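Work through the exercises below with the sequence and the model at hand. Each task is followed by a stepwise solution.

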Amino acid sequence: MGPTHAMSGAALWLAGSAVASAAFGIDQTASELAVGTIACAGAALYPDIDCAGRVTENKGGSTVARSFGVVSLLFAEIVERLCYWFYLLTKSKKDKKRNNGHRLFTHTIVHAGLVGAGTGFLAAWGGKFAVIAILFVLTGLAVRGLMNSVVEKYGWVVTTGISLAVAYGMYHLLDENRSYWLLGVAMGVGCFIHILGDVITKMGCPMFFPIPIQKRRWREIGLPDSIALRAGGKAEYKILLPALTVMVVLGMFFFLPEVQGLLFDQGGGQGATE
């Protein structure tokens, strides 16, 4: 579901930015909008860092785990084991037996809030180098998701090279007078939309942990099997992904100065037209 997750993050950021601008007058510069969209697209893949595959062979794993080759696969292996151990420590008697850490803590609202706040704090406190590092990682995830076929063909070197160039360039586009907490918001929103994406699949995810539901702390929340999507199935690629792509394109057109002028007669806010 890598491409679908990435596109959902981009679509949500653009849609949320449009609502914030039109309804509340909260504008972003063009560069901030671009950075937020790319960062949110990357963050929308991040929760699957708990799916490692076979590290030593550089095979398997989630899309995000394969973003930077063996390095990201090794990190995913560590995260998956930590999530599994945390599950063993916190599960109730009613929770089912598991043999891996996929779709556990990184797929909860608590995690989305924590990682969003942590990213925002790191960006605000760490300054230039922290921002570039965060943008490097999130850009790499976005590239891995949105350019999946290209990266599959040429490998992780493409992801790393594009990430270095784009992250450095995007940092210099950001307004120095605006808070870098924007990256934290993008991270939290991206993780949250990933969770919602998994909720509509047959497996679901324990998004409300640690709130006990039916005496289970890790109760998976999902749609009934009759209407739930199968990850990687025809419905995802023929309906959901095209619909999200259309939303992203419409969102990009919405923020064009000419479109803003037609809609609002005032350019739709200075930030979106710079």
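**Exercise 1.** Is cysteine 40 buried or exposed?

Residues are numbered from 1 along each chain as its sequence is written. The model is predicted: local features need pLDDT of at least 70, side-chain atom pairs count only at pLDDT 80 or more, and totals for chains, interfaces and linings use all residues, while side-chain values use heavy atoms, leaving out hydrogens and water.

Step 1. Apply the classes: buried is under 20% relative accessible area, exposed over 50%, partly exposed in between (1.4 Å probe, protein chains only).
Step 2. Cysteine 40 has a relative accessible area of 0%, so cysteine 40 is buried.

**Exercise 2.** Describe the salt bridge of aspartate 198 with arginine 103.

Step 1. A salt bridge is a side-chain nitrogen of Lys or Arg within 4 Å of a carboxyl oxygen of Asp or Glu.
Step 2. Here the closest N and O atoms are 3.3 Å apart.
Step 3. Aspartate 198 lies in helix H7 and arginine 103 in the loop between H3 and H4, 95 residues apart.
Step 4. Aspartate 198 is buried at 0% relative accessible area, and arginine 103 is buried at 7%.

Notes: Helices (H or I, at least four residues) and strands (E, at least two) are DSSP runs, numbered from the N terminus.
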